[in-house]
Amino acid sequence: MNRRTLLARTATLAAVGVAGCTSDGTSDDGNSGDDSNSGNDSNSDNDSNNGNDGSSGDESTEDATKLVDQTFERTGDCEQAGSATVTRDGESVVVEGCIRGRNGCAVAVLGDVQYDATEDHLTVVVATEIDRDDDEVCSQALVSRGYRARVEFDGGAPDTVDVVHDGADGRSTVTTSNATR
């Protein structure tokens, strides 16, 4: 339960950070509490950028790469825990991997997605959490859980992608992918 709270707060803080970077300086202090409610909706951040920037800002933001959507799915058991591959597909980045969970009730979850436009650098954090019913008993064996994450961009896929696993093996970067352009 604590991990879910931590993940939710991390996602909210990341959204607030992005919203703070894209707004004008005056509205950042007044909307701090409101950003946590709208930070989970990527469309609301895009709408606020279009409303605050004016026409000259729209031209520069149209050319810049922006994160617009992310999806995550569990793909079942896998064999090579601690591995991940990165594929660029047009304006999307697809990460497929295998993370180790601490017991039979562990499932893969999307921990965090951060995009640094200045560095053109995407970091995808995949974690595990325990998902069980109150009366369910979990095996005490380590398990390997597969996943697929897709991160959609507007303006092209980023040059550098780091995939970080935060599971039974600890937190570590399992792969770094650099685009060859």
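The protein's secondary structure amounts to 4 helices and 8 strands, as given by a predicted model. Read from the N terminus, the order of elements is α-α-α-α-β-β-β-β-β-β-β-β. Of its 181 residues, 34% count as buried. The exposed surface comes to about 10,400 Å², and carbon and sulfur atoms supply 42% of that area. Among contacts between residues at least 6 apart in sequence, 72% join residues at least 24 apart.

The structure also contains 2 disulfides. With the bonded cysteines numbered in sequence order, they pair as 1-2, 3-4.

C78 sits in the loop between β1 (66–77) and β2 (83–89), while C98 belongs to strand β3 (residues 92–101), so that the pair links distant parts of the chain, 20 residues apart. The torsion about its S-S bond is about 85°, and the disulfide is therefore right-handed. C78 is partly exposed, at a relative accessible area of 22%, whereas C98 is buried at 3%.

The other disulfide joins C105 and C138, whose sulfur atoms are likewise 1.9 Å apart. Its S-S torsion is -105°, a left-handed link. Because C105 lies in the loop between β3 and β4 (106–116) and C138 in the loop between β5 (121–130) and β6 (143–154), the pair ties together parts 33 residues apart in sequence. C105 is buried at 4% relative accessibility, and C138 is buried at 11%.

Strand β8 (residues 170–178) includes S177. This residue is buried, with a relative accessible area of 14%. Its side chain makes a polar contact of 3.0 Å with the side chain of R88. Beyond its neighbours within four places in sequence, S177 is in contact with V86, R88, D159, T160 and V161.

Technical notes: Residues are numbered from 1 along each chain as its sequence is written. This is a predicted model: local features need pLDDT of at least 70, side-chain atom pairs count only at pLDDT 80 or more; totals for chains, interfaces and linings use all residues. Side-chain values use heavy atoms; hydrogens and water are left out. Helices (H or I, at least four residues) and strands (E, at least two) are DSSP runs, numbered from the N terminus. Buried means under 20% relative accessible area, exposed over 50%, partly exposed in between (1.4 Å probe, protein chains only). A polar contact is a pair of N or O atoms within 3.5 Å; within protein, one must be able to donate a hydrogen and the other to accept it, and residues adjacent in sequence count only if both atoms are side-chain atoms. Contact means heavy atoms within 4.5 Å. Accessible areas come from the Shrake-Rupley method with a 1.4 Å probe; for residues, only the protein chains shown count as cover. A disulfide is a pair of cysteine sulfur atoms within 2.5 Å.
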